Amino acid sequence: MAEAKTIIRLNNVSKSYDGKTNVIEDLSLDINEGEFVTLLGPSGCGKTTILRMIGGFDKPTAGEILLDDSDISMLAPNERPVNTVFQKYALFPHLNVYDNIAFGLKLKQIPKGEIDKKVSDVLELVDLEGFEKRSITTLSGGQQQRIAIARAVVNEPRVLLLDESLSALDYKMRKEMQLELKNMHKRLGITFIFVTHDQEEALTMSDKIVVIADGKVQQVGTPEEIYNEPANVFVADFIGESNIFNGVMTGKMKASFAGAQFECVDDYENGKKIEAVIRPEDVSVVKPGEGQLTGEVTSADFKGTFYITFVQCGQYEMEVHCLSHYKPGTTVGLHILPDDIHIIPYDMTINNYEGVIDGFSDGRGLYLVFRDFAFFVDAHKLFPDSRVSKGKLVDENGTAIDYQGKKVVAFFSPEYAEMSDDDKAGDVVGKIVSFYYIGDHYSYTIRTDSEIDYVVDDEDLWNQGDKVSVLIPKAKMKFRIKEEEEA
Amino acid sequence: MKRSWFDRKQLAFPYFIYLILFVVMPLLVVLYYGFTDEEGNISFTNFVLFFTNGRTMGTLVYSLVIAVFVTVICLILAYPVAYILAKGRYARRHSFLMVFVLPMWINFTLRITALKEILTLIEGNLAYYPFVNTVICMVYDFLPFMIMPLFNALTKLDKSMIEAGHDLGATFPQVMLKIVLPLSIPGIVSGITMVFLPAMTNYVVLDMVYNSTYIMGSLIGSYFNAYDWNNGSIISAILLMFIGLFTIITDKIMTKEEA
């Protein structure tokens, strides 16, 4: 295979809207010519900002964006050989289909005959032959989507940007458009950069997926690589369903987690703290005592092609996707092949906590309850488009947001947390279980009575076993709604 | 179920009474006087006189010219302001809007008096430039009424439309001309409605700056001052018909725009 040529290169790009917090932080990324690249991440991770910077609608605060090795970061959108398909299509309602598609061509002063030909060709490409005279407002969502794509590709851009372009379509339409977009990409041969928060969509369509969280690239790879070899716990958790366990290496290609010993194929040093990722479909149910784990089925829900079965193995819970139905209460064995265990070295820098939303108060925000602490948080941090109407939290369309009981993952960077020897000064109290020196500060892990670890950076030297309280940086916390399993 | 004696319909009652007393009744009175003579007999002489009398027709044409000038100048001044207020990246754009609309809160006689002083300072004698002064005073008075509807229309305009225009290769002037302007036509139309008709009739402004310019409003006033209810009323009625016609036409344009 010939060496792929880089078409777009982001070099150490940062973007800040308010001059204080970076939405994108020091991000570097290469996109090859002709690839279908998906930027995937939870809402608010900065993926749309990256797309907007490539399109020219936002300018990077630092770093450069190269197209064919020349810096385009400060060029206006109309000076770039790049076209965008907008999230809500942004078709011009005062123009008909023909004039919408011909908009870019007319500006280039292409002869009328040639424009006519191009418009009818591109309408054929999107399967809407003969729609030239139709008014935009008479088109269905799916048709508008196609016209938006036609309007962009008719200009023969080097790169086509698609900003969550399928999210407004219903489920079936979306599936159809996914395949059509993929075919279109093959036929046109231009580079597609697609932004989505839908991992399934990303896995279906892409040649390459870029997983983004918190303004940083988490992993770049083919859909298979991202799914089978997640680079960190975030990716494992975000892409597909995962069972994740904390554990340690106990020998060459041997690991201990979930209260049992496992053979694996990843080789890390003995005693290293690890996280083991196991996909629910890779766990097979066997007779009790025959697998590595034995447990009791707690629930089994039919999902069309399989049952989502939860098995409680001592204190650990395992999600299993199996074809047969096991009644809750049945004792089963669980077997996992070495190849299906993915070992990730434990990331000591991450403080991720799962909690639930328990109520909302106008003025104070959403009440979040975590294992060790609870507090109010500004509703916009969880629902960016929300607003308050008549004391209730509603979304941009004015419909009430169903927040009660929603699972939330909260995260804070260790650098923002503080430690104190005064029990009452902090939010949680625990003992320092480990610490190590990194460059210019110590990183402490504080474990509370409920066995939850808090990683805190501090410049002073404390002792192992010290009882301290941790001041959780609520203002600096980042939040993510944990989506329910897809229905 | 027993119907409550009080339902939503009753809420309209106070306004309904107001409507009868202060809108429908006076309108009928105007129509009655317009189509009767001094003795109270039904007559079309006033109506015919309106179109045959050189004085009324001349005033009508002159009023139209003034109204056109005032409207166009208001539009040219208000559009950029409304655009910047609606699309600029200001944290408190509604406060900025207030700055432009605030003059409406000050009593208008006070405002016009202040303007009169300023104009006198510049021109010396206001009587030298009746036309210019008329236009200046009216533009000053009506500008906020042009800014508001334009601001509303431009705020509703999706920013991605503008971005899509740029994305497809249009420069800023091209985006303004081909996208923003056509999409803000509803705002322009309601702005014109708010400014054009008052500009034809609001003679109080002119009286206050000792202006000799005669517009339709002044004409009606002069008839009424001479206790000629019939001729004053027919002019009012005819202007009302103009307004009605204008509203029907713009309504047609608007519905076509939406379809």
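Me: What makes residues of domain 3 of chain A and domain 4 of chain A count as being in contact?
Reply: Two residues are in contact if their C-beta atoms, placed from the backbone, lie within 7 Å. By that criterion, five residues of domain 3 of chain A touch nine residues of domain 4 of chain A. The model is predicted: local features need pLDDT of at least 70 and side-chain atom pairs count only at pLDDT 80 or more, whereas totals for chains, interfaces and linings use all residues. Residues are numbered from 1 along each chain as its sequence is written, with chains lettered from A and ligands numbered from 1 in the order in which they are written.

Me: How do you know where domain 3 and domain 4 of chain A lie?
Reply: The bounds come from an automatic or database domain assignment, which gives 350–413 + 472–487 for domain 3 and 418–471 for domain 4. Their centres, taken over C-alpha atoms, are 26 Å apart.

Me: How many residues does each chain bring to the contact of chain A with chain B?
Reply: Chain A brings 17 residues and chain B brings 15 residues. On the side of chain A that touches chain B, α2(A) gives the most, with three residues; a helix here is a DSSP run (H or I, at least four residues), numbered from the N terminus.

Me: Why is α7(B) called bent at B:Phe142?
Reply: The bend is the angle between axes fitted to the seven residues ending at a residue and the seven starting there. At B:Phe142 this angle is about 45°, and therefore α7(B) is said to bend there. A proline, B:Pro144, follows within four residues.

Definitions and conventions
Helix = DSSP H or I, 4+ residues; strand = E, 2+ residues; numbered from the N terminus.
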